[in-house]
Amino acid sequence: MRKRKSSHNADDTIVAISTPVGEGGIGIVRLSGKAALQVADKIFVSKDRIKPSKFKTYTTHYGHIRRDEVIDEVILTVMRAPRSYTKEDVVEINCHGGIVCLRKVLDLVLAMGARLALPGEFTKRAFLNGRIDLAQAEAVLDVIRSKTESSMRVALGQLEGGLSRKIKGLREVLLDVLGEIEARIDFSEEDIELAPKQSILEKLEKISTEIKKLIENAENGIILKEGILCVICGKPNVGKSSLMNILLRRNRVIVTPVPGTTRDAIEEEINLKGIPVRVVDTAGIRQARDVVEVHGIRKSRSYIKRADLILFMLDLNKRWSKADKDILNAIKGKKIIIVANKSDLKRNLDVEMVKKVTKTNELIEASLRRKKNMEKVEEAILRNIWHGKVLQPEATFVTNLRHRKDLEHADNRIKKTIATLDKGRSASPEIVASDLREAAFSLGSILGDTVEPDILNRIFSKFCIGK
Ligand SMILES: Nc1nc2c(ncn2[C@@H]2O[C@H](COP(=O)(O)OP(=O)(O)O)[C@@H](O)[C@H]2O)c(=O)[nH]1
Ligand SMILES: [Mg+2]
């Protein structure tokens, strides 16, 4: 892969503490750049007095970091360019994991002429030096932040270049087509009819179908990565907190027979068959009795606004009431699952009427006390997340909004071209070529071949320092 143009100070040798701040068994100070080995030579004393610049690549050495006095007892690893994370000379110093000694080693390295790395700068260099493309660089962050095994698997797939290969393939076919069309521009005053139109159309249709598949799957990919927000609503005492505890499989929230027990919204994350689901137990929405409840109810409403899915809880023992109606109003327009609870008690709720007024058939009768039909609630949540589709974890997922936008833009241009070509003789090769060029540009921007510097900065600023 060729070297990309860097926006700033790529000649500096950068350094950062690459492990999380706090007490740990070990902490790592990482250096990368032209002077990494010279800096290491100045501060590292190995047992046999050999300097790091003489170490073989991918070897590890015991010794001390010292200037005037010993600062820490460490293990130092050298990874020489170009076979390293950044494709530059990299030195990693495994120190004792306390923040004081890590800071002291870091300060010493800074004093020897290295510069503190910006967030994500190591990975940015890996990208700029052409070891990975931009989609892969973004996947590094996704791997670090994965919340479940499934999302981790998808991120790793992207890091290993699964998505990139697909995009690259599509882009190559597109560039071929573009080449054919551009050749015509030079040769004739005639319209595109002179080109082998049928074969061009077929190729474009094929690319468009592939892109569409990726876009369709993107919704799932983004869910897999970000998870969904699932909010439990209902009037006081219907069993919202009981449901929260059952979903979490622990007694997180206080459950009592007193209406209004939960006064604040409580958010926790669960792993539902690989999907990170943020579940929120809310204060029951009703006429507030005091100022605490006012705030609690306000928070409930704000969560409802942001929710991807609402679990609307009802009490089978109680008739449909104004309180239920108010909540139904508050959750209008949201995807809802109704959990009609307390099926162990006498029934007073007209379930058929509820289905009618809520316009949903997704109603589960359950008894949280008896743990009856609990798995049905979880199944319904999953069904709603995937719209009834079966998730294939091996598929290539787009998990990134930026990628989805670029794909949509590319597909737009390609569809426009197909429509123009379909119109027959009136197609202007110049316009067709310019649309396809734009489409190719969008695909290239996913890989980072054609990306704007400020987009780059935005992407890497989300990283932590040291990655
Ligand atoms: N009989 C019966 N009582 C339940 C059931 N689920 C919850 N409860 C009781 O209803 C009361 C209110 O429950 P809670 O979860 O605090 O409701 P919330 O106010 O909606 O959070 C508690 O006394 C629970 O023990 C159920 O399935 N059957
Ligand atoms: Mg509660």
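These legends go with a set of close-up views of a predicted model.

The model is predicted, so local features need pLDDT of at least 70 and side-chain atom pairs count only at pLDDT 80 or more, while totals for chains, interfaces and linings use all residues. Residues are numbered from 1 along each chain as its sequence is written, chains are lettered from A and ligands numbered from 1 in the order in which they are written, and side-chain values use heavy atoms, with hydrogens and water left out.

**View 1. The shell around ligand 1.** There are 18 residues around ligand 1, where being near takes a heavy atom within 4 Å. Asn-237, Lys-240, Ser-242, Asp-344 and Leu-368 come nearest. Sorted by class, the shell has six nonpolar, eight polar and four charged residues; Asp, Glu, Lys and Arg count as charged, Ala, Val, Leu, Ile, Met, Phe, Trp, Tyr, Cys and Pro as nonpolar, and the others, Gly among them, as polar.

View 2. A polar contact here is a pair of N or O atoms within 3.5 Å. The side chain of Asp-344 puts an N or O atom 2.8 Å from a nitrogen atom of ligand 1. For Asn-341, a side-chain N or O atom sits 3.1 Å from a ligand oxygen, and Lys-342 has a polar side-chain atom 3.1 Å from an oxygen atom of the ligand. On its own ligand 1 exposes 580 Å², and the protein buries 92% of that (Shrake-Rupley areas, 1.4 Å probe).

**View 3. Two backbone spots in loops.** Going from Ala-81 to Pro-82, the peptide bond is cis, with omega near 0°. Pro-82 is in the loop between β5 (70-79) and β6 (90-97). Arg-49 is a non-glycine residue with a positive phi, near 65°, and belongs to the loop between β3 (44-46) and β4 (59-66).

Definitions and conventions. A polar contact is a pair of N or O atoms within 3.5 Å; within protein, one must be able to donate a hydrogen and the other to accept it, and residues adjacent in sequence count only if both atoms are side-chain atoms. Helices (H or I, at least four residues) and strands (E, at least two) are DSSP runs, numbered from the N terminus.
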